[in-house]
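Dear colleague,

Please find below the sequence and the structure for your files.

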Amino acid sequence: MVGTVRTRVTELFGIEYPIFAFSHCRDVVAAVSRAGGMGVLGALYFTPEQLETELAWIDDHVGGRPYGVDVVMPAKYEGADLGDAGELLTRLQGMIPEGHRRFVNDLLERHGIDPLTEEGAGHYLLGWTDATARPQVEVALKHPIALLANALGPPPADVVEQAHRHGVKVAGLASNARHARKQVEVGVDIIVAQGTEAGGHTGDVATMVLIPEVVDAVGPGTIVLAAGGIGRGRQIAAGLALGAEGVWTGSIWLTVEEADTPEASRDRLLAATSRDTVRSRSWTGKPARMLKTAWTDAWESPESPGTLPMPMQFMLISDALRRINRAGAGELTTFPVGQIVGSMNQVRPAAQVIYDLIEEYVETMERLNTLTDP
C-alpha cells in the first residue's frame, strides 16, 4: 500500500487520501472512510427517522473515521412558497396533471409492469425541498459528521452558520464559476466543481475547463474539489494539476461489492460505455445525467407530455421507478450515472477501489516527474 497523499483537504479532515465518495448506501460510506477517504451519505431518500438509523449505523461501523452527509436544498423549486412540508406535499400532489400520470402508467403497461397506485404516493418527495431537507440537517448535526454538503445551489446562510456552530465544514456543488462565487458568499468552506461528465444533476461545462475557472474564481482561501468523470488515478492527478485539492466521486461506487444498487441496474451499468448516458429531465425535472434507456427515450418521444418542475417530476415517477426495479425490467431500468460508467466494468470492494485509485495516481505522478529535466 502506498503512503498518504497530502493536500489541504486531507490536512483539514485528517484523512489519508483526498477522495470523497458520495453514496446513498451506508455500507459504502463506512467502507470508504475506513479505507482512508471520506464517505458522504446522500440523505435525499431518507425520512428523518430513517436517516437517524443510517447515521447511527455509520457511527458504529466507521471506525472513528470522518464522514459526511449530503442534502438537497435547491435554491429554486416548485411550491417554495407553499408553507410547511405537510402542506407542500398535499398541494404539489394535487398539481400533478392526470395526463402525466396516464403517460407513466401507459409506459409501464407497455413493458408489462403493474400500474401506479396511490399507496405511498409522494413519500419520496422527502429531501427535494428546503422544508423537507431541514429536518435532515437537524438529524445530521446530532451525529459526529465532519462535512455537510448541499447538492443544488448555495445552501441557506443560516444552515451554513448552524453547521459551523457544530464544528462541521460545509461544501456546495457548483457547475460554473458564477455559482461557485455565490457559494462562497454564503460561507461554504469547500466548492465541489462538478463538470458535465458527472452523474445526477450537472451543468454543461466540461471538467477540464471548469476546475481552473472555479479555482481562479474563488481564490486561494476556498478549497476546491474536482468532480465529474473521475474514476481513475490519472484523473485524480489531472484534477490536482488543475488546482483542486481533492476529488469528489459518485458513480464509481454504484458497482462496488458493498453497494445496494438493484441487480438489474448494476448489470446495465457494468455493460455500459461512456456514450450510454444522457442529460435528461425525466428524473427530477432538472437536467441530470442518467443511463440512457427506454425510460429516457420515452420522455423525449413525441408522445411525452414533457417533464414537470422539481420536485413534482420525482413525485410523479418515484413509485414507477420502484416498480421497474422490482420487476427487473432491464429495458426501462435507469440510474443517475456519469460518463465514467464506461470504466465501471467489474465489481470490487470499496477499499480496493480506493487503493487502485491511489496506486494509479502515484504511477501517474512518477511518470510525469520523468518528463522534466532534473
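This is a predicted model: local features need pLDDT of at least 70, side-chain atom pairs count only at pLDDT 80 or more; totals for chains, interfaces and linings use all residues.

Barrel. Eight strands form a closed barrel with parallel pairing, in the order E1-E2-E3-E4-E5-E6-E8-E9. On average, neighbouring strands of this sheet are turned by 25° against each other, direction ignored. Strand E1 (residues 19-23) and strand E2 (residues 38-42) run parallel and are joined by four bridges; Phe20 stands opposite Met38 in E2. Helix H8 (residues 177-185) lies across strand E5 (169-174) and strand E6 (190-194), and runs at about 160° to E5.

Helix H13. This helix covers residues 312-327. At 1.5 Å a residue, its 16 residues should span 22 Å, and the end C-alpha atoms are 24 Å apart, which agrees. Gly328, which follows H13, has a positive phi, near 65°.

Thr277. This residue lies in strand E10 (residues 277-280). Thr277 counts as buried because its relative accessible area is 9%, under the cut-off of 20%. Its side chain makes a polar contact with the side chain of Arg289, at 3.2 Å. Leaving aside residues up to four places away in sequence, Thr277 touches several others, including Arg289, Met290, Leu291, Val337 and Val341.

Yours sincerely

Technical notes. Residues are numbered from 1 along each chain as its sequence is written. Side-chain values use heavy atoms; hydrogens and water are left out. Helices (H or I, at least four residues) and strands (E, at least two) are DSSP runs, numbered from the N terminus. Buried means under 20% relative accessible area, exposed over 50%, partly exposed in between (1.4 Å probe, protein chains only). A polar contact is a pair of N or O atoms within 3.5 Å; within protein, one must be able to donate a hydrogen and the other to accept it, and residues adjacent in sequence count only if both atoms are side-chain atoms. Contact means heavy atoms within 4.5 Å. Two strands pair if DSSP finds at least two bridges between them. Axes are lines fitted to C-alpha atoms, for helices over the stretch in contact, and angles run from 0 to 180 degrees between N-to-C directions. The expected span of a helix is 1.5 Å times one less than its number of residues.
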